[in-house]
Structure formats: C-alpha cells, structure tokens
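Please look through the notes below with the structure open beside them. They are written as numbered points.

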Amino acid sequence: MRLFHRTKRSVSLTSAGEVFLEEALRTLQQAARAEEAARRAGRGEIGRIEIGYIASAAYSGLLQTEVARFREAYPLVQLNLIEAPMDTLPLEVSNGSLDLAFIRPPVPCPADVTFMTLLYDDFVAALPEQSPLARKDILPAADLASERFILPEQASGTVEVGRRGRFVPRTIHNPGGLVAVITLVSLGQGVAIVPASVMERVHMPGVVYRQIEGKSIPGAIALASRRHEKSPVVKVFLKQLKARQAAR
C-alpha cells in the first residue's frame, strides 16, 4: 500500500497514508495512557479492593469514615464492600476472596492473616422493654442468670457477663446481623450483650439498653489483612489505617 506521494520537490501523504497516520497516532497515545495507568497502578492509585465487614463496624462509623477518606484520596480505586458472618471473614482474606476485613477480635485467624486494632468500645445489655430488668439503670451481671442470650457477631461480651455473674449463659444461636439480634430482643425472645455503638445507632421499639455493673466490658474493631500483602493498592489502604492507629 502506497503511503506517500513522492516527487523531486515534495513528499505528501496518500489517502491511505493519512488514515495510517491517524491510527498510528492513536496507537502511540494509547500506549502512553497504558504506561501511565501501569505506573499509577504500581503506586496504588488505580485498582480494586474487596472489603468484608461486620455490622458493628458500620454502626460505629469507623467503616464509613475510612472508606470516605480513601475514596477522596484515591477516586480511581474501586472499593467493593460486603457484610458477611465474622467467622468466615479471616478465611476469605487468607484465600484471596477478600483483601481486607473489619472484624471483632478475638476470632480464629489463619497463620497468614494478621489484624490491626482500630477502635475500642464497650459492651452493653439489650433488653426487652417490658422486662423487669429494664427498670434498673445499672444491671448486675448476676441478675441475667435466668435469661436466654441471643448471640451477636462477637460472643465474648456474653461470655464475660456469665463469668462475672457466675453462671453459664443459655444461648440462642446467632440469627444473623445485629439488626436481627435486636429484633429478637424486641420480640421478647431473650437478651443480648452488644457493642455500645448499637445502643447509639439502633433505636428499635420494645428495646432498651443498660450498662452492666462493674468495670466496662471491653470490645474492639480490627482490620484483618494478609501478612505478606503484594497488591500496591491494598498496601495504600493499609498505610492509611496504620496512620490512623499511630495518631490515636
């Protein structure tokens, strides 16, 4: 295919040459864009992060705050978020189904998964409004001995109440998310020991919240991640959260 008209005095493009030039320029521009995209991906400015979380991470406001901060700084990174049962989250981080997960320790973790504590809070009791126990502002743990306990995502608060009250809690299997737990409490199915953030955020008819007598029962929200993370964009998110931890 002839691309040029050549004479002794000039060289000009043929019609085919003009088309070829236009496409060649597009190819060079696309190559430059591809190179820049690769550089940005290598810096963690472009990519995708799969994040799992438990409900109380959202009720605490921690999840929203950190996601908003990251999106503002890295608008080209796609964040996919999914709520999931806490016991499954560390394994999904380990096998690569998720990159990060907001959890409540203690929770069993594979050897290649580590966690970073981001926020500390306390546990409180959620009671049916009609329960005689709801008349007390501060609730002794022993007063809950005859109650049935609806287990939330983290059972450590329930276990601690039983230890303090010197009884073994009678438990109902976790019905799902925290809203499901509080719903069962509102229906009079039992009581629940839940994070204080739920008391502040979930106001449901028929439910009251009470502090438990004695030293506060501590809880925490942490981020689960792979020990030897290779993804640049996930490393950038981890860097943001490490900065938050250092600033506390």
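1. Patches are made of residues with over 30% relative accessible area and no salt bridge, where like charges are joined within 9 Å and nonpolar side chains (Val, Leu, Ile, Met, Phe, Trp, Tyr) within 5 Å. A salt bridge is a side-chain nitrogen of Lys or Arg within 4 Å of a carboxyl oxygen of Asp or Glu. Accessible areas come from the Shrake-Rupley method with a 1.4 Å probe, and for residues only the protein chains shown count as cover.

2. This is a predicted model, in which local features need pLDDT of at least 70, side-chain atom pairs count only at pLDDT 80 or more, and totals for chains, interfaces and linings use all residues. Residues are numbered from 1 along each chain as its sequence is written, and side-chain values use heavy atoms, with hydrogens and water left out.

3. Phe-4, Val-11, Leu-13, Leu-21, Leu-25 and Leu-28 make a nonpolar surface patch of about 520 Å². Strand S2 (11-13) and helix H1 (15-42) each give two or more residues to this patch; helices (H or I, at least four residues) and strands (E, at least two) are DSSP runs, numbered from the N terminus. H1 gives the largest share, three residues.

4. Leu-28 lies in helix H1. Leu-28 is exposed, with a relative accessible area of 59%; buried means under 20%, exposed over 50%, and partly exposed in between (1.4 Å probe, protein chains only).

5. Ala-126, in strand S6 (residues 113-128), is buried at a relative accessible area of 0%. Ala-126 and Phe-4 are 83 Å apart in space, C-alpha to C-alpha.
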